[in-house]
Amino acid sequence: MVHNDKFMFPYEGAWSDGREKLLCLDTGSWRVTRPVLDKEKCNYCSLCALYCPPQCLKDMGDHYAPDLDYCKGCGICARECPRGAISMMPEGEFADDSAKR
Amino acid sequence: MVITGNATAAYGAMLCRPDVATSYPITPMSEVAEQLSAFRANGLMETEMVEVEGENSAMNVVAGASMAGGRTFTATSSWGLSFMYDAVQHAAGFRAPIVMVIANREAPGILAVSGGQQDIISVRDAGWIQIIVEEGQEILDTIIMAYRLAEDYDIQLPVMVNYDGFYLSYMATAIEIPEQTDVDHFLATLKEQPKRQVLEPGVALGCGTHGIEKGFVELRYRQCVAMERAAAKLDEIDREFGELFGRSYGGQIEEYRIDDADIVVVASGGVAGTAKVAVDTKREQGIKVGLIKLRLFRPFPRQRLVEALNGKKAIGVIDRSVGFGWDCGPMAMELRALTPEIGIVPILSYIDGLANLDITIPHIERAIDEVQSAALGKSYQEVTWIPLEE
């Protein structure tokens, strides 16, 4: 029998920790295009955040910004934005800060 | 009180005060759902009854309510069990301590509105603890014990309490309904253990999810370890139940006239009662035969069986179901898996009681005679489909 200290989850049930273990899939690395917001057009309606499949759009108070660790670049936010405020830009254009990830 | 097995199951559930109960009616357990609704309508219990559109929803409702921290109850049979199969597996993966009664009935494949144990055999690898009972009082008492087992912090697994559909489900017998205060007291022990993790608003927790592959292995491993713990725990709970209520059932298995027996019959459910009569008759004729009533089917009561069967000369196993892909009954196959521990002895498989056919006293006496003959070294038939030979 494996000793308890080998277990990654602290619970006896089937629970895994959403903050540390569940979201550790590096889905951001799948991205080939990235959502870029034109703040002039955004009216902070939150539709992009509602539609985001991995729910990675963070509320910044007056707009939403993608968490690039998890954003897969699917483009649904850009497609659903009623004001066309989001454009999907090729990831290659951000080579410098991609390297940071 | 003289009530049917189904009504008894409903009383057992009511006494445990579930927070949420739901059930989609199906023959032969519909009366459980009707009784529970009546209890609720008459103000006898405060359980939230959820009306569902089918068994799959029923299992998902109780799984969700269980993950939210509630005590839950449901009931089904045969086709209903098949229709909820994905949710049945999910519930075990969620480690949701649901108690579900099943009035056993033939499973889909050949249409039969009749009794048999094929339904529980078809879910034996779903990850549920499976207990099979023999008679009415045992239904009620086992439901109470099942909550102690399911909600034990070290176990946290759903439990199926099985009784013979059509036979036990509809037969009315005298049942002693325990005092509510005694049941409350018996279940209060659960409050002394660490609180199990449940859904918490605002807390990012996954249930039955794992993130990465090793997490999957860990959850599966812990599910299996918890299942193994249930075997000895049932013995403990059964003893404690006996001290408080004056009735106990042997825990994982009931041993009947086993100690000095040369040969053993293994049976489960209502047939065990018939088998006891046959054992007594054969004892009078000088055959040293005993009976093992298999109460716990998952986890398989390996250790208890090995202790009870050690040194016995031959074993007969009565199955009310078939095992596809093995030329014997499912329980007989599992008994054969004990060979490394109990040694090579003849194990005779009997398939009987399919589709409501009676397993009669002469059927079992015939089996005992054949097992005795095999014990004396004579040749024997490994598998016998009794109804085809009558």
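In what order do the seven strands of the open sheet in chain B stand?

Author: This is a predicted model, in which local features need pLDDT of at least 70 and side-chain atom pairs count only at pLDDT 80 or more, while totals for chains, interfaces and linings use all residues. Residues are numbered from 1 along each chain as its sequence is written, and chains are lettered from A and ligands numbered from 1 in the order in which they are written.

The seven strands of chain B form an open sheet in the order β3-β2-β4-β5-β7-β6-β13, with mixed pairing. Strands (E, at least two residues) and helices (H or I, at least four) are DSSP runs, numbered from the N terminus. Two strands pair if DSSP finds at least two bridges between them. In general, strands of a sheet pair through backbone hydrogen bonds, either parallel or antiparallel. At the edges of this sheet are β3 (48-49) and β13 (296-298) of chain B, each of which pairs on one side only.

Within the sheet, β5 (residues 99-104) and β7 (residues 159-164) of chain B are joined by six bridges in the parallel sense. There B:Val99 is found opposite B:Val159 of β7(B). Helix α7 (residues 136-150) of chain B packs on the sheet and touches β5, β6 (129-132) and β7 of chain B. Contact is counted between two residues whose C-beta atoms, placed from the backbone, lie within 7 Å. The direction of α7(B) makes about 165° with that of β7(B); such axes are lines fitted to C-alpha atoms, for helices over the stretch in contact, and angles run from 0 to 180 degrees between N-to-C directions.

Helix α2 (residues 30-41) of chain B has 12 residues and reaches 17 Å from its first C-alpha to its last, close to the 16 Å expected at 1.5 Å a residue; the expected span is 1.5 Å times one less than the number of residues. Its buried residues are B:Glu31, B:Val32, B:Ala33, B:Gln35 and B:Leu36. A residue is buried if 20 or more other C-beta atoms lie within 10 Å of its own, with C-beta atoms placed from the backbone. Among the partners against which the buried residues of α2(B) pack are β2 (20-21), β3, β4 (72-76) and β5 of chain B; β1 (2-4) and α1 (5-15) of chain B are also partners. Just after α2(B), B:Gly43 adopts a positive phi of about 75°.

Methods
A residue is buried if 20 or more other C-beta atoms lie within 10 Å of its own, exposed if 12 or fewer, and partly exposed in between; C-beta atoms are placed from the backbone.
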